Amino acid sequence: MKTGHLIIALALLLTCSGSAWCLSPQDVLNAKQSGDEGITVVYPVNQDQAWEIAHAVLHWLHSNMIEDHQDQNYMLTSIGASTCACRAEVGVWIETVRENYTRVTIITKGKVSQNDFTKMETFHDKLKPDFIIKFRKGVEIVKSGRQLPFNPP
């Protein structure tokens, strides 16, 4: 391997493997503990329905494997490429407010990705509103008595 290629390969490896550069699910858990991040919405569904809808929505958003912690009312996943620059860590908390009403909180943590040479956009910031919109659609589907589709509606 030429020296130039080796330097580029090492730079990429360090960028995407160093803990200072990449986030982990723990970053989402820490954000939840701080209590000042995320978006919370109460939906007119029970906790089991909310859990099912959250799974469907994360699938529709092309999440990676979902780590369920149902006994603790949350799930974790990541969305995006396996490299740090284009991946967001995602946590969803599902808590019963009262019968048939559930509080859903989504927290995302991610790095800035470059869409083109002139515009920088935070990838993970787009996920929260997308999740809320798709979750609302999932609630409509479930409330109408239909099954949640495999593909996004």
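Visitor: In which strand is Val 42 found?

Guide: Val 42 is found in strand β1. Before we go further, please note that this is a predicted model, in which local features need pLDDT of at least 70 and side-chain atom pairs pLDDT 80 or more, while totals for chains, interfaces and linings use all residues. Residues are numbered from 1 along each chain as its sequence is written, and side-chain values use heavy atoms, without hydrogens and water.

The protein has four helices and seven strands (DSSP runs numbered from the N terminus, with at least four residues of H or I for a helix and at least two of E for a strand). Along the sequence they follow the pattern α-α-β-α-β-β-β-β-β-β-α.

Now to the surroundings of β1. Five strands make an open antiparallel sheet, in the order β1-β5-β4-β3-β2 (strands pair if DSSP finds at least two bridges between them). Because β1 (39-43) and β2 (67-69) each have a single partner strand, they stand at the edges, and one side of each is left without a neighbour in the sheet. On average, neighbouring strands are turned by 20 degrees against each other, direction ignored (axes are lines fitted to C-alpha atoms, for helices over the stretch in contact, and angles between N-to-C directions run from 0 to 180 degrees).

The partner of β1 is β5 (residues 101-110), paired with it in the antiparallel sense over five bridges. Within this pairing, Ile 39 has Ile 106 of β5 as its bridge partner. Helix α2 (residues 25-34) packs on the sheet and touches β3 (74-80), β4 (87-98) and β5, at about 40 degrees to the direction of β4. Helix α3 (residues 47-60) also packs on the sheet, touching β2, β3, β4 and β5, and its direction makes about 165 degrees with that of β4.

Ile 39 and Ile 106 have a further link, to Lys 128 in helix α4 (residues 123-143). Leaving aside neighbours within four places in sequence, Lys 128 is in contact with Ile 39, Ile 106 and Thr 108 (contact means heavy atoms within 4.5 Å). Lys 128 counts as buried because its relative accessible area is 16% (buried is under 20%, exposed over 50%, partly exposed in between, with a 1.4 Å probe and protein chains only).
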